[in-house]
Amino acid sequence: MDTNNTEKEVLNSPGCEPVVEDEERRRLLWLMAEYFRTIGCTDIKARLPGFLPPPVLSGTIEDHRPDFTCRQSDSARTPIILEIVTPGMVDDPAAENRWSLLSSAAKLYNAELHFVVPKWSVSRGVIDPILKRRLARMELTANRIWTV
């Protein structure tokens, strides 16, 4: 079996790309990567140019790569798994498998699960209450929802 082809398939699968292509998501991701670097987090991995990408998480339905991972500067070096959510993604049915997998991985690795949303959207208004309701319907818990 040619493992290179398998690796290429995973890297080209939606949600597994090493670099986020969407400009709005990338802008928010840069902001969070800089913030966590500034406060002393380590082992920073991000789906951005110049960063090592986080590893792909294997799911039962789909595989996904988190947008960002790091370790906090606390004594336990608590991991963080972070997901960027744009206004167009907040109601996207395809996000359910991704978010469920990220939540399962957070539980498995004793990590905190964080989401990042823009403070305001012309098309949707305030996003974080919409995301909170959706996560509650999915029975997923976020440790923190950042509004930036």
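Student: In which loop does Asn 110 lie?
Tutor: This is a predicted model, in which local features need pLDDT of at least 70, side-chain atom pairs count only at pLDDT 80 or more, and totals for chains, interfaces and linings use all residues. Residues are numbered from 1 along each chain as its sequence is written, and side-chain values use heavy atoms, leaving out hydrogens and water. Helices (H or I, at least four residues) and strands (E, at least two) are DSSP runs numbered from the N terminus. On that numbering, Asn 110 is in the loop between H3 and E4.

Student: Is Asn 110 buried or exposed?
Tutor: The classes are buried (under 20% relative accessible area), exposed (over 50%) and partly exposed in between, with a 1.4 Å probe and protein chains only. The relative accessible area of Asn 110 is 64%, so this residue counts as exposed.

Student: What is the phi of Asn 110?
Tutor: Most residues other than glycine have a negative phi. Asn 110 is not a glycine, yet its phi is positive, at about 50 degrees.

Student: Near what value is the phi of Glu 139?
Tutor: Glu 139 sits in the loop between H4 and strand E5 (144-147) and is exposed, at 69% relative accessible area. Its phi is positive, although the residue is other than glycine, and lies near 60 degrees.

Student: How many salt bridges does a search of the whole structure find?
Tutor: Side chains of opposite charge can pair when their charged atoms come close. A salt bridge here is a side-chain nitrogen of Lys or Arg within 4 Å of a carboxyl oxygen of Asp or Glu. Searched as a whole, the structure gives a count of eleven.

Student: How far apart are the closest N and O atoms of Asp 67 and Arg 47?
Tutor: Asp 67 is buried at 0% relative accessible area, and Arg 47 is buried at 3%. In their salt bridge the closest N and O atoms are separated by 2.9 Å. Both residues belong to the loop between E1 and E2, 20 residues apart. The N to O distance asked for is 2.9 Å.

Student: Which helix holds Arg 98, a salt-bridge partner of Asp 67?
Tutor: The side chains of Asp 67 and Arg 98 meet at 3.3 Å, N to O. This pair links distant parts of the chain, 31 residues apart, with Asp 67 in the loop between E1 and E2 and Arg 98 in helix H3 (residues 95-108).

Student: Which elements does the salt bridge between Arg 98 and Glu 83 tie together?
Tutor: The two side chains meet at 2.8 Å, N to O. Arg 98 is buried at 7% relative accessible area, and Glu 83 is buried at 0%. The residues are 15 apart in sequence, so the pair ties together helix H3 and strand E3.

Student: Which residues do salt bridges with shared partners join into one network?
Tutor: Asp 67 pairs with Arg 47 and with Arg 98, while Arg 98 also pairs with Glu 83. The network joined through shared partners comprises Glu 17, Arg 25, Arg 47, Asp 67, Glu 83 and Arg 98.

Student: What is the volume of the second largest pocket?
Tutor: On a 1 Å grid over the protein atoms alone, a pocket is an open set of points where a 1.4 Å probe fits, with protein on both sides within 12 Å along at least five of seven lines. Points are joined across faces, edges and corners, and volume is the space filled by probe spheres set on them. For the second largest pocket this comes to about 260 Å³.

Student: Which residues lie nearest the centre of the second largest pocket?
Tutor: Strands E1 (42-46), E2 (68-71) and E3 (79-84) each supply at least two lining residues. Lining residues have an atom within 4 Å of a point. Of the 13 in this lining, those nearest the centre are Pro 55, Thr 69, Pro 79, Ile 81 and Tyr 109.
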